[in-house]
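Visitor: I have a structure open and would like to talk it through. Could we begin with the surface?

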Amino acid sequence: MLCLLAMTLQATPIDDLLERIDRGASRKFKIEMKKADRDFFELDQAGRRVVVRGNSWVNIAVGVNWYLKYHAGIHLCWNQMQAKLPDVLPPVKLRERHETGLTLRYDFNYCTFSYSMAFWDWERWERELDWMALHGVNLPLAIVGEECVWRNMLLRLGYSEEEIGKFIAGPAFLAWWEMNNLEGWGGPLPLTWYARQEQLQKQILKRMKELDMHPVLPGYCGMVPHDARQQLGLNVSDAGLWNGFQRPANLMPTDERFDEIAALYYEELTKLFGKSDYYSMDPFHESHDDASIDYAESGRKLMAAMKRVNPKAVWVVQGWTENPRPQMADPMKAGDLLVLDLFSECRPMFGAPSIWRRDVGYKQHDWLFCLLENFGANVGLHGRMDQLLDNFYGLQGATLNAQLSTLKGIGFTMEGSENNPVMFELMSELPWRPEKFTKEEWIRGYVRARYGVSSPVAAHPSPLEKAWLLLANSIYNCPAGNNQQGPHESIFCGRPSLNNFQASSWSKMKNYYDPASTLEAARLFLEGVEGVAVGNATHNNLEYDLVDITRQALADQARLQYQHAIADYKAFAFESFKKDSERFLHMLLLQDSLLSTRPEFRLGHWTQAALRRGTTAEEKKLYEWNARVQITTWGNRYCADTGGLRDYAHKEWQGLLRDFYYPRWKAYFDALQAQMEAQLHPQPELLGAGPNANKTASELFALALPQEVKIDWYAMEEPWTLRQNTYTAEPEGNPVAMARRVMDFLSGE
């Protein structure tokens, strides 16, 4: 009993993490903390126990993950953070050590907290924190509960609860409120929300600190409600609009109350969540230059307010479009600003050529090389493997030595989480791999780690390896010069038209791979899965990837099918159009059935999380509405039709395909067919001196061309956002059998 008590008292955060992976796992490892001048982890053997050493708990966690992947063939991921470890772990035959000078490893984009985490509870956050530790994160953005700080602050400034409710956004839109983009949309928040988020943030911060992480708390960026001039008599910049939404205003640095309000914010922040060594602030986010703003003085005032709270604190800012503005950043001292080069794998502002490249980089300021990867948490295979490796290892070039000295680490800055695990796995390993390698080399180890299987001879890859090598050289290798934002979007998710290509208006999507490649990869992967014994320890990863890869193949083939249907319409091939449009609609419903086999691809996993956050019928209704609107219209009619955000966060999810996207496409094809039928059988009143009798020659010429039908899409979409029909997260059907059905259909069998 005394020995058991002693073991409990000596348990480390890594022991606790191991126990969450598999009960009893901590007894199979020996954890050793060692001081060192450089970040490191080391794998070794002591009898039957695997030894993992490191100079921080996070670095030791990376060592645990490295061992599980490359020695035990166990891959932990977002949807599976537990595994059954063997009774005796495979021994480490030769001591293995990895070091890095990239000591800061950041995580999260503001958008992640809304697109993925809007309705997370502590159970889900605990899994995420384990994932973060295992992947080396020691500098996480921690903005849960920021709305609690603002509510307390605004109450002290004299705002009423009703006025606060009109300012702070709803759960699914808090990120854009926090980034000064909008006010109130999705709210007002119930008081119970504030209480739960405050408690949740305290749990998150406690675990982060236990694991040696340094939370990045939200600092004061000068934001005030747009009516602060009227309400408080403050000198503010004109707020303006963002995609049709009312923006908050910026408090002018010359206002005599600037320091008072900034201090009030930090007082409430510190009271709730303590102090930090890092604060995140993105003033003037996604806004045009304003001649009335003294950016240098704004930066000085914001920095001074932060330093009064903690003189050692560092300001963390996103490197995105115009930010950080040189006129704001240039006067600041080296070491006071840390810039997240948000889209380093595609549009770096530092190092590799890109449309955003700054010749002098961030000058004296420290920065992080970041992977954005995903916009809007869209579902789709996507990556820039070669570009990521080239941009990262290209920083070692002699001409960049001065800039390289300010590179302090890496960051995950995805807008949405829980997708494309291969890219996040690759990115997480870069700091620990000093020599450049090829994606083909790395994929072989990834397949063994993820599925626990591999080919004994590299020259004869298994079907699973062949599938991944094909994907790595096609859809996961978006080339330099292609600036699209995230995955190749599914044709199913876009508002129908005669020239449908992009689903969201901001995607900048451009073709870069042959759809035959994803079809062949899906065929190979299914062959590989069917050749693996049922009950394999990594069965979960196999099933998830099988569904995801097959989903991509079906979506890509549906894009071809859409082209057939539209070509039929333009050629006035009436019977062919009916056949090809019906086949497209069948493919859409087939996709819905495929995705029903995995909880991650079911709409219910999102809506049920929203409902669980509510304590009353009204709260549940509000949260579910937030969840539905974000992934469809995003905003009101103006935002959806004119502002440009509709379908920005579109999802290929079971339930959403069947009940939202299918009705749009069915209505569209029905309208085209009706138009063709009208041309085949014109009404008598349209003949002779009908409504076209007075048309000009050019107008008659235009009428002779295929005509786009006019449908009020928002009138179709909004009713779905208001419904409260139930979607479940429980999977239905067998993923392998359903993937076989899809592939048989695509092969014409």
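Predicted model: local features only at pLDDT ≥ 70, side-chain atom pairs only at ≥ 80, totals over all residues.

Visitor: Which residues of the largest nonpolar core touch the most other members?
Guide: Those are Y220 and W634, in a core of 250 residues. Helix α20, spanning residues 539-570, gives the most to this core, namely 12 residues.

Visitor: What does W634 touch, leaving aside residues up to four places away in sequence?
Guide: Its contacts include the aromatic residues Y115, F173, W176, W185, W242, F245 and Y648. W634 also touches L182, V629, C639, L645 and R646.

Visitor: Changing topic, how many helices and strands are there?
Guide: The protein chain has 28 helices and 16 strands.

Visitor: Why does the radius of gyration agree with a compact globule?
Guide: A compact globule of 749 residues would have a radius of gyration near 27 Å, and the protein chain has 27 Å, so the two agree. Along the principal axes, the C-alpha atoms fill a box of roughly 95 × 75 × 60 Å.

Visitor: What share of the contacts with a separation of 6 or more comes from residues 24 or more positions apart?
Guide: Such residues account for 76% of those contacts in the protein chain.

Visitor: Lastly, how many positive and negative side chains are there?
Guide: There are 80 positive and 95 negative side chains, and the centres of the two sets lie 4 Å apart.

Notes: Residues numbered from 1 in each chain as written. Heavy atoms only, no water. Helix = DSSP H or I, 4+ residues; strand = E, 2+ residues; numbered from the N terminus. Rg over C-alpha atoms; globule rule 2.2 N^0.38 Å. Contact = heavy atoms within 4.5 Å. Lys, Arg positive; Asp, Glu negative; His and termini not counted. Charge placed at Lys NZ, Arg CZ, Asp CG, Glu CD. Core = buried A, V, L, I, M, F, W, Y, C linked by side-chain atoms within 4.5 Å. Buried < 20%, exposed > 50% of the residue type's maximum accessible area, 1.4 Å probe, protein only.
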